[in-house]
Amino acid sequence: MKTLILFPTLIAMSSLLSAPASAGISESVYGKMPDGREVKLYTLTNTSGMEAKVTEYGAILVSLKVPDKAGKVADVTHGYDTLEGWLGNSSYFGATVGRFGNRIANGKFTLDGKSYSLVTNNDPGGMPCSLHGGTEGFSKKLWKGEAVYTKGGDGVKLTYVSADGEEGYPGVLTVTVTYTLTNANDLVWEAEATTTAPTVINIVHHSYWNLSGDPATSINDHELTLFADQYLATNAGMIPTGEKAAVAGTPMDFTKATVIGERIAADYEALKFGGGYDHAWVLNGTAEGALVKAARVRDPKTGRVMSLSTNQPAVQFYGGNFLDGTTTGKGGVKYQHRTALCLETENYPDAPNNPKAPTAVLRPGETYHHTMVHTFSAE
C-alpha cells in the first residue's frame, strides 16, 4: 500500500479512544443546521490555561484562548459567536477547506487523460478559478465528531465522506480531521483521506490569527518569520507561473523576524497582484515523512508566540487584505482591514496543473496525510 505525504503520525491515530468525562473535553449542542440536523461543539482544555473550541460544522476551530506573557488569556482567532454566524462564513474563518484548498486555474484539471471541470467561485485579476473546494466545499459540510484522547493530549476527531462527483471531483473521499490540544501548548491539526478512485487533494486549515487578543487591532505590527528562501511567483490571477522566486532582497523576505507591515506598501509586482501578502512560500528542507519549520509569529505587545511546523511543501501567508469591516464577528466586532493573518500549510496552489509541483494526486490504496503543529508560548 502506497502512502501520499505520509510520516510517522505525531499522535498515532490507532491510539485514539473515546474520552472519559474527566479528560479535559466537554461536548455540547451548538445549534441546528437549516435542515434540522444537530451540530455539536467540543471544548478542549489543557493544564496550561489554553482552551480550544471545535465544531462539527466545517470542522472549524471556533476559538483558541492562549495566555500572554502576563498570564492573561484571550481568544486569538477571528470568527463568530453562534452557529448562525458560521453558516454564513464567507471568509473561511477557522475552517477545514477542501477537497482542494487554495486555487485551481479556470476550475479545470486533467487526471489520467480525463478532463474535469469545477465551479469557478473566485476571479482575482479577472481570471476565474476554483477556490477552497468550490461553492460548497468541506468548510460548509456537517462532519461527525467524537471526543478522543492520547497520552499527549485530548482532542476531537471529525469524519466526513465526500461523494463521487461532489463539486466536480472524482472518487468517494473519506476524510478525518483531528484537533488535539496538548499540555505542551501544541494545537495539532491532522487530516487523513482515502479515495475509491484517482482524485486530487489539498486539505487545508484556515484559521485567522491575531496574537494580541484584540481583534480590532492590525496584525501589521506582528513579527513574522517564514522558513523559506523562495516563494511561488504568480500571474495577476494569483496562479503560480511555475517559477520559484528568491525572496532575498525583496519584500517577500521573512527569513529573519520582520514586522509584517514594514514593506507591505512597497512598489513590488507580487504585492500589487495580491493586494498585499497572499502568496505561497516554498519551505526549506521539506522531505516526505518529516515535519519542518514553516513559520513563527510574535506579537510584541503581549509577547504571544505561535510557531508552526508541518509535513507539507509550502505555506500560504495571507495578511487579511480583503477584510474590510463588513463582517461582524465575535462580540459584535467588525473585522477591519488586516486585523488577522492566515498561515496555511499546503501543497502548491494549482498543483494539479503544475508539472513542477509535488503531486496532488491520491489513488486508491494510498493515504493522504497532512499535519500542522501550532506551538504557543510567550516571551
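Me: How many aromatic pairs does the count come to?
Reply: This is a predicted model. Rings of Phe, Tyr and Trp pair if their centres lie within 6.5 Å. By this rule the count is 19 aromatic pairs.

Me: Is the pair of phenylalanine 109 and tyrosine 116 stacked or edge-to-face?
Reply: The ring centres of phenylalanine 109 and tyrosine 116 are 5.2 Å apart. Their planes meet at 20°. Planes under 30 degrees apart count as stacked, over 60 as edge-to-face. The pair is therefore stacked.

Me: How do the planes of tyrosine 277 and tryptophan 281 classify the pair, and what is the term?
Reply: The centres of these two rings, tyrosine 277 and tryptophan 281, lie 6.4 Å apart. The angle between their planes is 45°.

Me: Are phenylalanine 109 and tyrosine 116 buried or exposed?
Reply: Buried means under 20% relative accessible area. Phenylalanine 109 has 2% relative accessibility. Tyrosine 116 has a relative accessible area of 15%. Both values fall under the cut-off, so both residues are buried.

Me: Are tyrosine 277 and tryptophan 281 buried or exposed?
Reply: The cut-off for buried is under 20% relative accessible area. Tyrosine 277 and tryptophan 281 are both buried.

Me: Which residues do ring pairs link into a cluster?
Reply: Ring pairs can join several residues into a cluster. Here the linked residues are Tyr80, Trp86, Phe93, Tyr208, Tyr318, Phe322 and Tyr335.

Me: Which residues lie nearest the centre of the largest pocket?
Reply: The largest pocket has a volume of about 480 Å³. Its lining holds 24 residues. Those nearest the centre are Arg103, Leu131, Tyr208, Tyr318 and Phe322.

Me: How many residues of each class does the lining of the largest pocket have?
Reply: Helix 2 (269-274) and strand 25 (314-318) each give the lining at least two residues. By class, the lining has nine nonpolar, eleven polar and four charged residues.

Me: Which ring does the charged end of arginine 263 sit over?
Reply: The charged end of arginine 263 is 5.1 Å from the centre of a ring. A charge over a ring must be within 6 Å of the ring centre. The ring belongs to phenylalanine 254.

Me: How many disulfides does a search of the whole structure find?
Reply: A disulfide needs two cysteine sulfur atoms within 2.5 Å. The sulfur of cysteine 129 is 16 Å from its closest cysteine sulfur, in cysteine 342, which is too far for a bond. Cysteine 129 and cysteine 342 are each buried, at 0% relative accessible area. The search finds zero disulfides.

Me: Which peptide bond is cis?
Reply: Most peptide bonds are trans. Arginine 99 lies in the loop between strand 7 (95-97) and strand 8 (103-105). With omega near 10°, the cis bond runs from glycine 98 to arginine 99.

Me: Is asparagine 106 buried or partly exposed?
Reply: Asparagine 106 is not a glycine, yet has a positive phi of about 60°. Its place is the loop between strand 8 and strand 9 (108-111). At 46% relative accessibility, asparagine 106 is partly exposed.

Me: Is aspartate 350 buried or exposed?
Reply: Aspartate 350 also has a positive phi of about 60° without being a glycine. Aspartate 350 sits in the loop between strand 26 (342-346) and strand 27 (361-362). With a relative accessible area of 6%, aspartate 350 is buried.

Key. Residues are numbered from 1 along each chain as its sequence is written. This is a predicted model: local features need pLDDT of at least 70, side-chain atom pairs count only at pLDDT 80 or more; totals for chains, interfaces and linings use all residues. Side-chain values use heavy atoms; hydrogens and water are left out. On a 1 Å grid over the protein atoms alone, a cavity is a set of points where a 1.4 Å probe fits but cannot get out, and a pocket is an open set with protein on both sides within 12 Å along at least five of seven lines; lining residues have an atom within 4 Å of a point. Grid points are joined across faces, edges and corners, and a volume is the space filled by probe spheres set on the points. Helices (H or I, at least four residues) and strands (E, at least two) are DSSP runs, numbered from the N terminus. Ala, Val, Leu, Ile, Met, Phe, Trp, Tyr, Cys and Pro count as nonpolar, Asp, Glu, Lys and Arg as charged, and the others, Gly among them, as polar. Rings of Phe, Tyr and Trp (its six-membered ring) pair if their centres lie within 6.5 Å; planes under 30 degrees apart count as stacked, over 60 as edge-to-face and the rest as tilted. Buried means under 20% relative accessible area, exposed over 50%, partly exposed in between (1.4 Å probe, protein chains only). A charge sits over a ring if NZ of Lys or CZ of Arg is within 6 Å of the ring centre and within 35 degrees of the ring normal.
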